[in-house]
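Work through these exercises with the sequence and the 3D view side by side. Try each task before you read its solution.

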Amino acid sequence: MILNKLLCVIIMSIVFFQCKKEKQLIVNATQQIVEKESVKLDTLKLTKGYGFPVGKPDAKRYYNAQKFQENNHLGDDWNGVGGGNTDLGDPIYAIANGYVSFAKDVKGGWGNIIRIIHHNPDATKVESLYAHCQKLLVNKGDYVTKGTKIATIGTADGAYLAHLHFEIRDQINLPIGPGYSSDIKGYLNPTKYINNNR
Ligand SMILES: [Zn+2]
């Protein structure tokens, strides 16, 4: 019983310190990158519902270790239930049909990043952002469908234990951003958005 409690405290501490580390590293990364959307909309390529970026389509066997606005986090941190680096190299999926607007290594606390712009049938647009990836499997300009494997889960080149930092924005093509802020203008709660738009 005592051993179980001790183990629980140790695991919670590890998760806490990993989250703190991410905050510090992303804040330190000063590189601001703005890429303009360079694709014309094909109306046949609108979204047809959203799914989760890991454990497709319902994040099965993953948990959200740092939810939107927890510690001012601007996204969700998806981790495999096995903990540690057990999810390293696991697939990351496009959450909906869309155009890849960015796919490259921005270094710092971010690492490899993919950004996808999603055009919804109601004429709204959102952008999804997938960070710390191990491998990028799509290129800027690609059209991807919901559930396409776009990358694998990484560590931002050893900066963290493997996890996916995932954001959804309702202002597209913002600068790469701070990763953490109490000012959420342009950012949405990713889990809430997906659940409301399945
Ligand atoms: Zn994060």
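The exercises below go from the whole chain to single residues.

This is a predicted model: local features need pLDDT of at least 70, side-chain atom pairs count only at pLDDT 80 or more, and totals for chains, interfaces and linings use all residues. Residues are numbered from 1 along each chain as its sequence is written.

**Exercise 1. Confidence**

Task: Find the average pLDDT of the protein, and the residues over which pLDDT stays under 50.

Solution. 
- Step 1. Recall the term: pLDDT is the predictor's confidence in each residue, from 0 to 100.
- Step 2. The protein averages 91, and 89% of the residues score at least 70.
- Step 3. Over residues 30-34, pLDDT stays under 50. The model has eleven contacts for this stretch beyond four places in sequence. Two residues are in contact if their C-beta atoms, placed from the backbone, lie within 7 Å.
- Step 4. Where pLDDT is low, the predicted coordinates should not be read in detail.

**Exercise 2. The overall layout**

Task: How many helices and strands does the protein have, and in which pattern do they follow along the sequence?

Solution. 
- Step 1. Helices (H or I, at least four residues) and strands (E, at least two) are DSSP runs, numbered from the N terminus.
- Step 2. The count is three helices and ten strands.
- Step 3. Read along the sequence, the pattern is α-α-β-β-β-β-β-β-β-β-β-β-α.
- Step 4. Now look at contacts between residues at least 6 apart in sequence: 67% of them join residues at least 24 apart.

**Exercise 3. An enclosed strand**

Task: Is strand 9 enclosed or open, and which strands pair with strand 9?

Solution. 
- Step 1. A residue is buried if 20 or more other C-beta atoms lie within 10 Å of its own, exposed if 12 or fewer, and partly exposed in between; C-beta atoms are placed from the backbone.
- Step 2. Six of the six residues of strand 9 are buried, so the strand is largely enclosed by the rest of the structure.
- Step 3. Leu164, Phe166 and Ile168 point one way; His165, Glu167 and Arg169 point the other way.
- Step 4. Strand 2 pairs with strand 9 in the antiparallel sense over three bridges. Trp78 has Leu164 as its partner.
- Step 5. Strand 6 joins strand 9 through five antiparallel bridges. Here Leu129 stands opposite Glu167.
- Step 6. Strand 10 pairs with strand 9 over two antiparallel bridges. Here Ile168 stands opposite Leu188.

**Exercise 4. The largest nonpolar core**

Task: Which residues of the largest nonpolar core touch the most other members?

Solution. 
- Step 1. A nonpolar core is a set of buried Ala, Val, Leu, Ile, Met, Phe, Trp, Tyr and Cys residues joined through C-beta atoms within 7 Å.
- Step 2. The largest one has 35 residues, and Ile92, Ile114, Tyr130, Cys133 and Ile150 touch the most other members.
- Step 3. Its largest share, four residues, comes from strand 6.
- Step 4. Apart from it lies another core, of five residues, including Leu74 and Tyr187.
- Step 5. In soluble globular proteins, nonpolar side chains tend to be buried together.

**Exercise 5. Two backbone details**

Solution. 
- Step 1. Ala156 is in the loop between strand 8 and strand 9. Its phi is positive, about 55 degrees, although it is not a glycine.
- Step 2. Lys107, by contrast, is partly exposed, with 13.
- Step 3. Pro57 is in helix 2.

Terms used
Two strands pair if DSSP finds at least two bridges between them.
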